Structure formats: structure tokens, C-alpha cells
Amino acid sequence: MAFPIAASVRLAFVTVVVAFVAAAFVAAAFGGHAGAGAPVDWAADLAPSGACVDADAAAAPLPVKRRAVTCLVNWARSRHRRHALAPSRSLREAAVLKGRRVASCGVLTHAPCGTDPLAEVRATGLRFFLFGENLWAGPIDVSARGVVAGWLASPPHRAVLLQSGFRIFGAGLVPAPGFLGNPDGAVWVATFAARR
């Protein structure tokens, strides 16, 4: 199952494990294979239409899209017997802060303008020992299903989304006109964490 998007769409991910004061970046290089060379059917992890309210509504208001993204993420996690993620205001704030910085710097990266990749989550005061982040950039008029489908179709992003240690989640959408050549561009940031 594919979700074609006419405009440019890009993705980025990071997983961070924090032990005491030091932070170690861990490449989420969980292979994209279910076993002996068999490709993962990522589309099976995408909730069917109707399972998440307004997941297909490209013109839905931001709070509705955010709830749909959370529902879609938790639906995929439930298929793999992972804990459902509770919404976190701190992680949502960190997601929006990161999205704004990415948009203003004009580059899809977890360290926009050379900043610390954890600056936004640290700015919220959230104490965590595990943190992950997925980025999505493309047109603003994409549905929550289109965004989550992009993450699920990419093995590293899917690995972050399904990481078993996460317990809380936040998502943010930032309008970014002109970003990556999209006149109606936007940046979605999904943040995942486990509290310390």
C-alpha cells in the first residue's frame, strides 16, 4: 500500500539513550526484515480506515490531526505488543520547538543550525532516560495517515515508532512555506520518551 504525495517528502529519525549525565546516540538500525530475508509488511501496521477518527482528513484542524497521529502510532504499537504511549504536553512542546527550528534553519535535521539535538526536549524540563524523534517534511495538506505511513514505510523510522521502552509521546506540526521546495510546506515532529 503506498500513499503517493506529489510534492517532496523527506524523513529523519534519531534515538537517544541517556544514562546519568552522558547521552549516547544509538542508530536505530533494526533491520527492515521480519526474518530470513523476508521484507516487513509495514502496511499491515497502518490502522485501517475508520480505526482512528479523522486519520484520512487532510484538512482537519491541528488538534484533530495530532490525536489521529497518536492513535495511528498506538495502533501500530499494539500490533507488536508494545505499550500504548500516553500523550505528553512536554513532548508536544518539544516537537513544536524542534519543528520551528528546523523550518527556520531550512534543513531537515535533528540538529538544526548546529544545535544540540536534545535542546528542545531539555528546554521543557522533562526528565527522561530514553528519547526518540521522527521528522517528516512535505506539504501541509497531508493527512495524519500519510505522515504515519511515511514513518512506517521507512525501517529506521518504524524502529523508533515501535521501540519497546517508550511510554510517552508528543507530536507537532509547524507550517513551513517554501521548505524543501514545497510552497505549502510543513514539518511534523514526533517525539517519544521514557521518563527518568
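The legends below describe close-up views of a predicted model.

**View 1. Strand β6 and its pairing with strand β8.** Strand β6, which spans residues 128–139, is mostly covered, with eleven of its twelve residues buried. Its neighbour β8 (residues 185–195) runs antiparallel to β6, and eleven bridges join the two strands. Within this pairing, F131 has A193 of β8 as its bridge partner.

**View 2. The disulfide of C52 and C71.** The sulfur atoms of C52 and C71 lie 2.1 Å apart, and the link is left-handed, with -75° about the S-S bond. This pair connects distant parts of the chain, since C52 sits in the loop between β4 (38–39) and α1 while C71 belongs to helix α1, 19 residues away. C52 is buried, at a relative accessible area of 3%, whereas C71, at 29%, is partly exposed.

**View 3. The disulfide of C105 and C113.** The structure holds two disulfides, and the one shown here joins C105 to C113 with an S to S distance of 1.6 Å. Because the torsion about its S-S bond is about -120°, this disulfide is left-handed. C113 has a relative accessibility of 60% and therefore counts as exposed. With the bonded cysteines numbered in sequence order, the pairing of the protein reads 1-2, 3-4.

**View 4. The second largest pocket and its lining.** Two or more lining residues come from each of α1 (62–79), α2 (89–105) and β7 (168–175), with α1 giving the most, namely four.

Note on methods
Residues numbered from 1 in each chain as written. Predicted model: local features only at pLDDT ≥ 70, side-chain atom pairs only at ≥ 80, totals over all residues. Heavy atoms only, no water. Buried < 20%, exposed > 50% of the residue type's maximum accessible area, 1.4 Å probe, protein only. Pairing = 2+ DSSP bridges. 1 Å grid on protein atoms, 1.4 Å probe; cavity = no way out; pocket = protein on both sides within 12 Å on 5 of 7 lines; lining within 4 Å. Disulfide = S-S within 2.5 Å.
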